[in-house]
Amino acid sequence: MLLFLNILQLLLYIGLLALLGQGLLYLIAGAKRDTNLFYQLFQVVNKPWIRIAALISPKQIAERHHAFVAFCLVAAIYMAVTVAKIEHCVSVGMVGCK
């Protein structure tokens, strides 16, 4: 169980950092962001998260805001997994938890 929670937490952490990096490059690069290699890399990495956010968000949310919705969603899931990991470690008496 702990291994599963660690893997899930790592995948979510990578997603959070990639979404944050894409957001920062969106602000820094300006109109030329589509030609930026790193921005394109972040778009590829974040595509699954943004697609999930687009599916669950209402139609009134503009497409340009789906990345922000994805960031909020991944952050909330990350916090939930962290709480589940802490509860698991406490319930097993900290055996195997580092």
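Reader: Taking a disulfide as a pair of cysteine sulfur atoms within 2.5 Å, how many does a search of the whole structure find?

Author: The search finds one disulfide. Before the details, please note that this is a predicted model, in which local features need pLDDT of at least 70 and side-chain atom pairs count only at pLDDT 80 or more, while totals for chains, interfaces and linings use all residues. Residues are numbered from 1 along each chain as its sequence is written, and side-chain values use heavy atoms, with hydrogens and water left out.

Reader: Which residues form the disulfide?

Author: Cys 89 is joined to Cys 97, with 2.2 Å between their sulfur atoms. The torsion about the S-S bond of Cys 89 and Cys 97 is about -100°, so the disulfide is left-handed.

Reader: Is Cys 89 buried or exposed? And what about Cys 97?

Author: Cys 89 is buried, at 9% relative accessible area, and Cys 97 is buried at 16%. Here buried means under 20% relative accessible area, exposed over 50%, and partly exposed in between, with a 1.4 Å probe and protein chains only. Cys 72, at 38%, is partly exposed.

Reader: Let us turn to the helices. What residues does H1 cover?

Author: Helix H1 takes in residues 2-29. Helices are DSSP runs of H or I with at least four residues, numbered from the N terminus. For the 28 residues of H1, 1.5 Å a residue should give a span of 40 Å, and the end C-alpha atoms are 40 Å apart, which agrees. The expected span is 1.5 Å times one less than the number of residues.

Reader: Which residues of H1 are buried, and what do they pack against?

Author: Among the buried residues of H1 are Leu 5, Gln 9, Leu 12, Gly 15, Leu 19 and Gln 22. The buried residues of H1 pack against H2 and H3.

Reader: What does Gln 9 touch?

Author: Leaving aside residues up to four places away in sequence, Gln 9 touches Tyr 78, Val 81, Thr 82 and Lys 85. Contact means heavy atoms within 4.5 Å. The relative accessible area of Gln 9 is 12%, so Gln 9 is buried.

Reader: Which residues form the nonpolar patch on the surface?

Author: Tyr 13, Leu 17, Leu 20, Leu 24, Tyr 26, Leu 27 and Ile 28 form the patch, with about 750 Å² of accessible area together. One of them, Leu 27, lies in H1 and counts as exposed at 66% relative accessibility. Patches are made of residues with over 30% relative accessible area and no salt bridge, and nonpolar side chains (Val, Leu, Ile, Met, Phe, Trp, Tyr) are joined within 5 Å, like charges within 9 Å. A salt bridge is a side-chain nitrogen of Lys or Arg within 4 Å of a carboxyl oxygen of Asp or Glu. The areas come from the Shrake-Rupley method with a 1.4 Å probe, and for residues only the protein chains shown count as cover.

Reader: On to H2. What does Asn 46 touch?

Author: Asn 46, in helix H2, touches Gly 15, Ala 18, Leu 19 and Gln 22, not counting residues up to four places away in sequence. Asn 46 is buried, with a relative accessible area of 0%.

Reader: And what does Phe 42 touch?

Author: Phe 42 also belongs to H2. With residues up to four places away in sequence not counted, Phe 42 touches Ala 18, Gly 21, Gln 22 and Leu 25. Phe 42 is partly exposed at 23%.

Reader: What follows H1, and what follows H3?

Author: Gly 30 follows H1 and has a positive phi near 70°. Gly 93 follows H3, with a positive phi near 75°.

Reader: What is the phi of Met 94?

Author: Met 94, in the segment after H3, has a phi near 65°, a positive value in a residue other than glycine. Most residues other than glycine have a negative phi.

Key:
A disulfide is a pair of cysteine sulfur atoms within 2.5 Å. Helices (H or I, at least four residues) and strands (E, at least two) are DSSP runs, numbered from the N terminus.
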